[in-house]
Structures are given as C-alpha cells and as structure tokens.
Amino acid sequence: MQQDTSWKALSKPGEATEYFDLHTNKPLQCGVSGFNLSNACWLAEISRLIYQPDFHLNEKNNLRRFEYKAIGFINKAETSTHVSLLKVKAINSEGFPQPCLVVAFRGTDDLVDWNNNIKSMQTPFHDRGLVHAGFNIAYESVREELFFYLDDLTLPIFITGHSLGAALATLLTAEVMDRPKFDSCYTFGSPRVGDAAFANTFTDKPIYRVINNCDIATTVPISVPSIDYRHCGTTQLLNNMGILIEGLSEEDVLSYQKNKMLNLKEYDLSDLFSKSIMNIKGKLPPVLADHAPINYVLALENQTKME
C-alpha cells in the first residue's frame, strides 16, 4: 500500500475498522534479544487500534489474526488520557505459546491532549531526572490505577504507544524496566520526553524508538538554554526509501531530517495545529503524513517484505 496522505489518517485514526492485515507470519514474540521487526509491526498496529473508541468491545473491527482480551481500560476525561492492558496470544523465544501483556497508550486525539502537549516546562520524575510537565500530568492521572493492575500480573510486559501515547509509554517504561517481567518498549512518533539525566536511565535497556522518515512530532520539544530535552532509547529510522536504519545518534537523525524536510511555505503553520485543521484542503505535507499511525504500520510492513 502507498502512504496515506489524507488529513483523516492523521486527525481521525480511530475511524478505521480494518486492522492487522500484516505480511509477517510471526506472532508477537517475547524474550527475543534486540529490536524485532515483527514485534514492531504488531505493536504499531496495536498503537493504531487503540485510537478506535470501542476497540475493547471488538464488535466493529476486522482484526484478522489478532486475538486479545482487554483486562484493563483506564480513561481519565480530565486529562484525556487513555491506556489499555491487553492479554495477547504470543510465543516465547523457543517458539512455544506464551501469553503476554501489552500496555498501550493512546496518542493525541483532541484539544485537551494538545493542551498537555504544549506544556513544555519540566518537572522532576520519581528521582529519574526531569520530564515534560504536560506529559507527566497525563501520566500521573492514570499511574495509580495502572499499577493496581501491573502489580498483580505476572505476564511478560510490552509497552507501546504512538505520539503522546509514545511519550506516556516512555514514562511507564522508566518505572518498570528493571522488573523481571518487563520485555520491551516500542514507541512510534515519540516527541522528546525528558532531559539528559532522564534519557540516560534507559542506557542498554530494550526501548526502541521508531521514527518514520521526517515525522515532525519527533523533532519537538526543542532544547533551549534553560530547558534540556533528549530522546530516549535506541533509534530505528525508516528513511524516505523505506529502509530501516538502526542505532543512529540523535544528532544524525536530526541532520537527516533537516536535509529531507520539504518546504511548508504553502501552509499556514498556525492552522496546522488549530481547531480548524480539518478545514484545510489538499494532502498532508510530508512531515505530517509521516506522523499518521497508519503510515508507521505501512512503513514497517513494507520493511518485512524486504527481509
């Protein structure tokens, strides 16, 4: 499939009903070493699925081979924060059946989310450095209830999310990555979450930050002299040719994106993030199309066909 450049792909991902039409024949695999492309495909699609308001009812969606049981669903209207806990059929590193837990955070879906996104001041995060204050507000609103579930579960844990959901997935990972049952975290289109001290806590941990080409959300917030922002985890860049490049430094990724980003002069940037976003006609500019959840899935899916 070709990249979806419609505004609906970016602003209304929850209106989709077709999911998990994936090329990979492998199920979700726990206990594997390093970045796993098949796992990335499954988790990117789960991150897209949770935008669907009624996904946990599993009545309107074509999920094909994907089977899950929703064992927890947290929805905090005051911060517009949604997180789901899914028991998913998977296999272990030897290929034997092994159910696992996927904790999936929903990304930006309304103006309350954007209000949290733009609060770029920082706040301490559980003795692990400084993090984005808006992301922390959203995370703390679900934290207590989330750990009520996690503390009673013994399944291997995957954590995932797209956009704002990726930032919240990173915050949860910081708190659980030293637990024996933590498997890995895969994020898609994540903004920067915290400062260097926070980012350094993830050194040598299985957190994989997937970037689709020039996704503009991955370039913010920017650091200024008084506020430091760094990316977390190992970078997995899907370039403009659809080729996966692993382990680039943050500086190399930023240099690549600066060289590839197209001119947005034909767009009024103030409109791109306004209430009237759907009134703008035409196709998405590439830097926004790259952020759409479906385009992460398509880019990863195309990569599996190259193997």
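This is a predicted model: local features need pLDDT of at least 70, side-chain atom pairs count only at pLDDT 80 or more; totals for chains, interfaces and linings use all residues.
Residues are numbered from 1 along each chain as its sequence is written, and side-chain values use heavy atoms, with hydrogens and water left out. Local features need pLDDT of at least 70 and side-chain atom pairs count only at pLDDT 80 or more, while totals for chains, interfaces and linings use all residues.

**Exercise 1. The chain as a whole**

Task: State how many helices and strands the chain has, and what share of its residues is buried.

Solution: 
- Step 1. Helices (H or I, at least four residues) and strands (E, at least two) are DSSP runs, numbered from the N terminus. The chain has 10 helices and 12 strands.
- Step 2. Buried means under 20% relative accessible area, exposed over 50%, and partly exposed in between, with a 1.4 Å probe and protein chains only. Of the 307 residues in the chain, 55% are buried.
- Step 3. A contact means heavy atoms within 4.5 Å. Among contacts with a separation of 6 or more, 69% are between residues 24 or more positions apart.

**Exercise 2. L238**

Task: Find the strand that holds L238, decide whether L238 is buried or exposed, and list what L238 is in contact with.

Solution: 
- Step 1. Strand β11 (residues 234–238) contains L238.
- Step 2. The relative accessibility of L238 is 0%, so L238 counts as buried.
- Step 3. Neighbours within four places in sequence are left aside; L238 is then in contact with V210, I211, N212, N213, I243, L244, A299, L300 and Q303.
- Step 4. For a distance in space, take L238 and D290: their C-alpha atoms are 10.0 Å apart, and the two residues are 52 residues apart in sequence.

**Exercise 3. Salt bridges**

Task: Give the number of salt bridges, then describe the pairs of E18, E145 and E175.

Solution: 
- Step 1. Side chains of opposite charge can pair when their charged atoms come close. The rule for a salt bridge is a side-chain nitrogen of Lys or Arg within 4 Å of a carboxyl oxygen of Asp or Glu. The count by this rule is 11 salt bridges.
- Step 2. E18 pairs with R64, and their closest N and O atoms are 2.9 Å apart. E18 is in the loop between α1 (7–11) and β1 (28–29) and R64 is in the loop between α2 (37–49) and β2 (68–76), so this pair ties together parts that are 46 residues apart in sequence. E18 has a relative accessible area of 41% and is partly exposed; R64, at 38%, is also partly exposed.
- Step 3. E145 pairs with K76, with 3.5 Å between the closest N and O atoms. Distant parts of the chain are linked here, with E145 in helix α4 (residues 133–150) and K76 in strand β2, 69 residues apart. E145 is partly exposed at 31%, and K76 is partly exposed at 22%.
- Step 4. E175 meets R143 in a salt bridge of 2.7 Å, N to O. E175 is in helix α5 (residues 164–176) and R143 in helix α4, 32 residues apart. E175 has a relative accessible area of 18% and is buried, whereas R143, at 24%, is partly exposed.

**Exercise 4. R209 and the cavities**

Task: Describe the surroundings of R209, then name the residues that line the largest cavity.

Solution: 
- Step 1. R209 is in strand β10 (residues 207–212).
- Step 2. For charge, Lys and Arg count as positive and Asp and Glu as negative, with His and the chain ends not counted. R209 is buried but has no salt bridge, and the nearest side chain of opposite charge, E250, is 5.6 Å away.
- Step 3. Leaving out residues up to four places away in sequence, R209 touches T187, S190, H231, C232, T234, T235 and Q236.
- Step 4. On a 1 Å grid over the protein atoms alone, a cavity is a set of points where a 1.4 Å probe fits but cannot get out, and lining residues have an atom within 4 Å of a point. There are 3 cavities of 30 Å³ or more.
- Step 5. Grid points are joined across faces, edges and corners, and a volume is the space filled by probe spheres set on the points. The largest cavity has a volume of about 50 Å³.
- Step 6. The largest cavity is lined by R192, R209, T218, T219, H231, E250, V253, L254 and Q257. Helix α7 (residues 250–260) gives the most to this lining, with 4 residues.

Key. On a 1 Å grid over the protein atoms alone, a cavity is a set of points where a 1.4 Å probe fits but cannot get out, and a pocket is an open set with protein on both sides within 12 Å along at least five of seven lines; lining residues have an atom within 4 Å of a point.
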